[in-house]
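Work through the exercises below with the sequence and the model at hand. Each task is followed by a stepwise solution.

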Amino acid sequence: MAPPVEKQADPSGGALALASTGISGGVLPGWAPYGVVAGSALFAAAALLAAGSFSVGVMLLGAVLVACAVLYSWSRAVEGSRRAKDRVVTLAIAAAFGLAMIPLISLLYEVAKRGIPGLSVEFFTESARGVINGGGAAHAIMGTLVITGVAVLISVPIGIMAAIYLTEYGSGKLRRALTFFVDVMTGIPSIVAGLFAYALFEIFFGPGIRLGVMGSVALSVLMIPIVIRSAEEVLKIVPNHLREAAYALGTPKWKTIVKIVLPTAFAGLVTGVMLATARIIGETAPLLVTTGVIDSINSDPFDGRMQNLAVYAYNEYRSPGVMKQASYDRAWAAALTLIAIVMILNVVARLIYRRYKTETR
Amino acid sequence: MLGAAGTKRTAAEAGQVETTGGAVTGTSSGVAELPIGRGAKTIEARNVSLYYGDFQAVEDVTMKIEPNKVTALIGSSGCGKTTFLRALNRMHELTPGATVEGEIRLDGEDVYGAGVDPVQVRRLVGMVFQSPNPFPTMSIYENVAAGLNLNAGRMKKTEKDGVVERSLRGANLWEEVKDRLDKPGSGLSGGQQQRLCIARAIAVEPEVLLMDEPCSALDPVATLAIEDLIRELKDRYTIAIVTHNMQQAARASDLTAFFNLEKTGRPGRLVEIGPTETIFTKPEQQATEDYVSGRFG
């Protein structure tokens with residue numbers, strides 16, 4: 001009988017505690033965390049200036065530490081220790097998030113600041129053919145799109161079919177072995193992929209061969225494991241009861257996969273492919289050894305050297321020529337263009353996901 | 001409507017002649033002898049034991065599921081009812097490591113015989129699952145037509161429209177969805193989704209319909225609608241239904257089979273099968289009496 005009595009006593013006790021501290025007395029005001037952080041920042045700045053060695057990094061670190069201490073003791077005195085811990089951890093997480101955002105924002109800001117001066121109509125329309133200093137990056141943009149496009153054409157069928165094997169058909173040792181090697185392939189250094197593609201084509205075309213498609217093959221080596229991994233995850237979450245429903249209608253397994261499993265997973269598959277594409281589109285090293293360097297537009301991946309944005313940026317920076325600043329500008333502009341392409345791919349992936357995602361239970 | 005269904009049936013049988021060859025002669029004469037049924041078939045299980053790897057889930061079940069009758073499988077959780085049901089249309093073997101011993105005969109033909117394609121068996125023995133599972137990428141219309149689209153060859157649009165309407169009417173869903181056939185099936189209520197799944201199952205004109213606790217996720221009103229539907233469907237199909245709901249077994253079934261297991265870890269066995277009334281009023285076995293009267297389980 002004791003527990004129920006205790007329970008009955010509890011609410012009144014709680015109410016009493018509330019009444020004794022007052023309703024507003026138990027909670028810090030809404031501005032408290034912001035106020036504490038701002039105050040701590042001012043305090044840290046003043047302390048550092050007084051010590052005569054001001055630096056933004058030390059100031060921010062000090063501000064966070066001071067804010068944690070102040071907020072904890074204040075909150076503990078007013079709200080109790082549970083809320084105090086909650087506030088400190090919230091502050092720490094917000095600080096960690098801010099820290100993680102700093103390199104990202106600063107990178108985007110820097111690339112935009114330095115890249116925009118190099119952008120011009122000429123940059124997108126002209127190649128660098130026959131130009132001593134200047135010219136555009138049209139050949140590099142074209143090359144990036146063609147090389148990446150062919151790499152996607154190679155990787156998507158292989159990657160998705162391998163993922164289908166792993167989720168729908170594979171079992172036992174072979175499946176485990178494949179999963180293991182896919183994981184290993186995910187970690188292959190990109191230059192190794194480039195050398196592999198070079199060695200492969202060298203067998204057939206002799207030494208010194210440079211082709212756009214070689215770059216695509218090298219990029220495929222990097223892309224296939226990513227596609228397999230993401231597609232496998234997406235296919236795994238297609239609920240089994242949908243497969244069973246199709247089987248119960250007398251549907252053969254291959255048709256169940258083609259007509260039920262793949263359409264259900266469509267949005268996820270496309271997103272995975274887009275993100276894998278974004279991952280490989282900026283590769284430099286494997287393309288340096290496979291597609292070579294060239295100044296004119298080449299849209300045929302099976303015929304000769306092909307420029308691309310990453311290698312273009314690298315070259316403009318490495319051998320700037322006489323007008324150094326113009327070359328550096330073009331390198332930054334190429335980097336900015338590359339980032340823009342990756343961002344567009346990401347946005348498209350999100351739009352497709354939102355449009356085609358299927359609700360599954 | 002009935003006439004159209006009849007012609008469809010013949011077409012399906014013609015297809016079966018192609019695929020299963022000589023064994024069909026017995027099958028079709030069996031169909032002709034049946035008074036009402038145009039395709040309902042008998043399923044006979046003989047000494048069926050079912051395994052998941054080393055674990056034996058069902059031991060030595062011998063029973064007959066009669067055509068044009070509803071056979072209810074009752075028993076406590078884990079006693080192998082669902083496993084047994086899934087063995088009848090060869091869904092059991094889809095679970096990795098699952099094996100079958102004994103014989104299951106569909107009008108005399110062994111469904112586990114050499115050369116029998118499990119895909120063909122599942123076309124003749126349809127299934128409705130515990131939770132409604134319409135295909136999320138498809139509209140209501142496409143869901144019902146899924147069996148036709150996936151398995152039959154090209155079909156005229158008007159013919160397909162006919163099958164879809166007939167199936168939806170058969171599942172008592174037509175009036176509720178006829179104005180929104182192109183909307184996704186997942187937008188329907190749970191009870192409607194389950195009737196959509198039944199429509200999907202009967203659209204391919206199976207001979208046997210297996211139902212695995214079709215009402216366990218539904219409210220009493222939707223349950224009643226499904227039970228009414230089951231009573232109507234038995235005129236045309238052989239129906240086996242797994243249920244945990246004793247009232248449902250009593251209301252909707254003609255025959256009841258009681259499964260039980262001695263204790264956890266032991267395989268489930270068929271305790272007895274008989275007319276539903278007998279099982280619920282004066283069963284032969286004490287265990288059955290205890291179960292249906294609510295003394296355990």
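The model is predicted: local features need pLDDT of at least 70, side-chain atom pairs count only at pLDDT 80 or more, and totals for chains, interfaces and linings use all residues. Residues are numbered from 1 along each chain as its sequence is written, and chains are lettered from A and ligands numbered from 1 in the order in which they are written.

**Exercise 1.** Find where H11(A) bends, and by about how much.

Solution. Step 1: compare the span with the length. H11(A), a DSSP run (H or I, at least four residues), has 28 residues, yet its end C-alpha atoms are only 33 Å apart, short of the 40 Å that a straight helix would reach at 1.5 Å a residue. Step 2: locate the bend. H11(A) bends by about 60° at Phe266(A), taken as the angle between axes fitted to the seven residues ending there and the seven starting there.

**Exercise 2.** Describe how H11(A) and H14(A) cross.

Solution. Step 1: the axes of H11 (residues 253-280) and H14 (residues 324-356) of chain A come within 8 Å and cross at roughly 175°. Step 2: H11(A) is therefore roughly antiparallel to H14(A) (angles over 145 degrees). Step 3: residues in contact (C-beta atoms, placed from the backbone, within 7 Å) include Phe266(A) of H11(A) and Tyr356(A) of H14(A). Step 4: the contact residues divide into 13 nonpolar, three polar and no charged.

**Exercise 3.** State how far apart the C-alpha centres of the two domains of chain A lie.

Solution. Step 1: an automatic or database domain assignment divides chain A into domain 1 (29-117) and domain 2 (121-356). Step 2: their C-alpha centres lie 40 Å apart. Step 3: five residues from domain 1 and six from domain 2 make the contact.

Methods. Axes fitted to C-alpha atoms, helices over the stretch in contact; angles between N-to-C directions. Helix = DSSP H or I, 4+ residues; strand = E, 2+ residues; numbered from the N terminus. Parallel < 35°, antiparallel > 145°, perpendicular 65-115°, else oblique. Contact = placed C-beta atoms within 7 Å. Nonpolar A, V, L, I, M, F, W, Y, C, P; charged D, E, K, R; others polar. Expected span 1.5 Å × (residues − 1).
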